[in-house]
Amino acid sequence: MTSSAEDAQRTPERSAEALIDASHEAIRAAGAHAAGVYLRSRTPGLLRLSVLAGLPGPLFRPWWRLHVDRPFPVADAHRLGVEVVLANATETMRRYPQFAAGLPFQFGSLYVPVTGASTAYGVLTVLRPSAADATELLAERERLARLAEELGARLADLEDAAGPSQVWWDDEPLSVRPPGLRPSAGRAGCFSWDPVTGSVTLDERVRAVVGADAEGGGLTVEELAEAVATSDGRLLLTALRETAVGRPPPLPLCLRGVDGLLRFVDLWAPYHGVREDVGGRTVRGVLLDPGPAAAAGAAADLLPDGVFALDRLGLVVYANPRAAQLLERPRSELLGRPLWEAVPWLDQAACEDHLRGALLSPEPVHFHVGRPAAPGSPAYDGDWLGLSLHPGPDLLTCTVRPAHHASRAPADVPAADTAADAVAGTAAGPSMAPLYRPIVLAIALTEAVTARQVSAVVMRELLPAFGGRRLAIYLLQERHLYLAWETGFPPGFLAPFEGVGLDARLPGVETLTTGRPLFFDSMQQLVDAYPGIALDATEGARAFLPLIASGRPVGSCILGFDRPRSFSTEERTVLTALAGLIAHAMEKAQRYESEAALARGLQQALLPRRLSVHPLVETTGRYLPGTQGMEVGGDWYDVVTSGDGLALVIGDVQGHGVQAAATMGQLRSAVRAFALDDRPPDEVLSGTNRLLIDLDCGQFASCCYIRLDPVTGLARAARAGHPPPLLRRPDGRTHALDLLGGVVLGVDPQERYPVTELRLEPGAVLALYTDGLVERPGADIDDGIGALRVALARAGVPLGRPGGRALTGVADRLTATARHTADRPDDIALLLATRRSAPRPGSRS
């Protein structure tokens, strides 16, 4: 194996080490709750959370993936290359309302771009206590900027060593412990093990924990494992050996000592410890022992209320007997496990929101949660539990007690006195998640343009808020309902309802015709109301919501649940209001799609139906409309007979929509007129430039115009702010043409456009394109042009043969990636031309 191959193989692990180090240092530098790094992925325009230090990764799953065009601070920091500072929740809500609605808690945050010499890798993110304003954070900002710069340089070094395009992140984020766990409640120490020599090194604190003699000899790794975790020594031994060969286990390890209490062990293998002759690496570890905390735990065991504690990763590190009884789980099944795994019925949206609030905000969080009935469970005051979460720097201390759903919090718990407290979930009483989740839905719907995008937003935001598992949205067309979106229903189940008329007696129809929502607590209630209705083999509840906008029926929305449930008055009110939001968004989407179809039809009518032909030149073109927002653009290409030659034209009008398409049509007509008159390229662009200025449409356009003599291959080219054409020579060598040029059309009426001469050999390929084919968010356009050049060079097929389809195949290959990109922000135009050999050599010089 070569050294470069080894570097490439180790790059992911080395990258992870660099990202973890940066996150830990960021927490120290900013006095933060948590930190993490978003890194670019192999999906264009998509950032992925790679490391999250100090918070449980599963609780922040909605923020694992972010597109660089979304209105989020991480996206802005990466796309614009600037730091984003949000000192407090008020500033966050003002600048990023959608982000604030998803995390409506009292915290501040900072986002610093991570870049190398010429590459934008991602963003270093820090979540910290609120500050009055950004001026209080100047020192932290300077330290974080240095950290981001150091991380960028470290990633650039890794990329240089392993080859280009090696530093990416496409996996789930690594959730790691924050640095500097406070050992005051126990003892923490470090140790290391060299698998080559077998030596184990302990610091004094670990020696004290395991009872090793400070003057005595070293321990073997087996003795260390037995001393740290008498009952789980084999687990620690396996973890040490796996880490030594580069396969670290999930961390931290939760192990039991001889006293039965938990100890926590983190392991890692730094790369400078690699031993090439054997392949094993020095393993380092941190041991945290409860120490004196055991006495405090014994005292808490006697409390009448349930008490348990979570660390910053959501693991249960302590639970007294009463907590285990109320949560209906043995202590052995609680300790060392994430709360949502240890107590599955707490794995719900409302509890997640409250846990996030306690982890990010300084104030306690109080809420009620319903406990599912279980056969043989003890009889408590009711089926509801009152939980209080008290934040700390390293732990969340939680209390749990029986409570009636309607009861208030204990007398010593202050009620929320502001709307913000209620939204954040700090008030006593039922979960407020269904009340603020719709805020997220309302803001997200403002960005949805098509009916499909609206449906996707509803599925992403509405279903989790109410625990739904199924969704169907029907839209009204010519007095019949047609399915626009569905998820969760058995395959084919909804087929019989497709296209039903408004006279059908079905709940999805009657909710629309009457304008009243219909709620059924169980499938039996639904069958009683609508005998003979088809069932989908579940007993769950159903909600049928009318979609009515401005008094006009739009359609109906169906929510399905796996289990029977009742709908409170509060939930019915919220769902009814949400139906109105969805209806207005759908109405807007239908209107927009109609307008977009009209504009797209206009644009297609303006694009050439056929290209001018010549027996010595083969041409082919491709046009791909943008899919992001379904807006048409002003890209165009053309081939025009110009005297005894051909004019190859490509252009791009700024902006999108009907105006851009109309301007494109006028410019195309102007260029054709100049070309048919066989004007020189500089005169063509100068005349078109003056025309665009005279139109006074407030738009500008780029253009490249090449006049080709098919017999001699002489080409004369002029360029107005357009990306440079590519030339693939017959031997496969490909380069970007260095054409002289002027500014874009529509800016300066006196602008001149110099002409460059070149020669197109038989079998060579000339590629003209618009920036949509080579531009990617967050990436340099030169990188995109370079990638297109490589793709054209690798076309690898014979070109220039009469009657062949080789050129069309090349065009398809160059646009294949773009065709399969679902969220393409810009239009794409591509024009290829190749010259054939003259049938009678020497017939013309």
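I start with a term: helices are DSSP runs of H or I, at least four residues long, numbered from the N terminus. The model I am reading is predicted.

**Entry 1: Glu91 and Arg95**

I looked up a pair within one helix. Helix H3 covers residues 89-95, and Glu91 and Arg95 sit 4 residues apart in it, so about one helical turn separates them. Their side chains meet in a salt bridge, at 3.6 Å from N to O. I checked the accessibility of both partners. Glu91 has a relative accessibility of 22% and counts as partly exposed. Arg95 is partly exposed too, with a relative accessible area of 34%.

**Entry 2: Other salt bridges**

I noted the total: the structure holds 26 salt bridges. As background, side chains of opposite charge can pair when their charged atoms come close.

I then took Glu83, which forms a salt bridge with Arg141; the closest N and O atoms are 2.7 Å apart. This pair links distant parts of the chain, 58 residues apart. Glu83 is in the loop between helix H2 (73-80) and strand S4 (84-86), while Arg141 belongs to helix H5 (residues 138-162). Glu83 is partly exposed at a relative accessible area of 30%. Arg141, at 23% relative accessibility, is also listed as partly exposed.

Next I looked at Arg177 and Asp311. Are they buried or exposed? Both are buried. They form a salt bridge with the closest N and O atoms 2.7 Å apart. The two residues lie 134 residues apart and link distant parts of the chain. I placed Arg177 in the loop between strand S7 (174-176) and strand S8 (187-193), and Asp311 in strand S13 (residues 306-311).

I also recorded a network: Glu352, Asp353 and Arg356 are joined by salt bridges that share partners.

**Entry 3: The five-stranded sheet**

I traced an open sheet of 5 strands with antiparallel pairing, in the order S24-S33-S32-S29-S30. Strand S24 (617-624) and S30 are the edge strands, each pairing on one side only. On average, neighbouring strands of this sheet are turned by 15° against each other, direction ignored.

I followed one pairing in detail. S32 and strand S33 (residues 828-835) pair in the antiparallel sense over 5 bridges. Opposite Leu830 in S33 stands Tyr769.

I moved to helix H22 (residues 781-793), which has 13 residues. From its first C-alpha to its last, H22 reaches 18 Å, close to the 18 Å expected at 1.5 Å a residue.

Which residues of H22 are buried? They are Gly784, Ile785, Leu788 and Leu792. Seen down the axis of H22, the buried residues fall within an arc of 100°, so they line one face of the helix. Asp782 and Asp783 are exposed on the other side of H22.

I then asked what the buried residues of H22 pack against. Their partners are strand S29 (726-728), strand S30 (734-736), strand S32 (765-769) and helix H23 (806-814). H22 lies across S29, S30 and S32 and runs at about 20° to S29.

Notes. Residues are numbered from 1 along each chain as its sequence is written. This is a predicted model: local features need pLDDT of at least 70, side-chain atom pairs count only at pLDDT 80 or more; totals for chains, interfaces and linings use all residues. Side-chain values use heavy atoms; hydrogens and water are left out. The expected span of a helix is 1.5 Å times one less than its number of residues. Buried means under 20% relative accessible area, exposed over 50%, partly exposed in between (1.4 Å probe, protein chains only). The arc is that of the directions from the helix axis to the C-beta atoms. Contact means heavy atoms within 4.5 Å. Two strands pair if DSSP finds at least two bridges between them. Axes are lines fitted to C-alpha atoms, for helices over the stretch in contact, and angles run from 0 to 180 degrees between N-to-C directions. A salt bridge is a side-chain nitrogen of Lys or Arg within 4 Å of a carboxyl oxygen of Asp or Glu.
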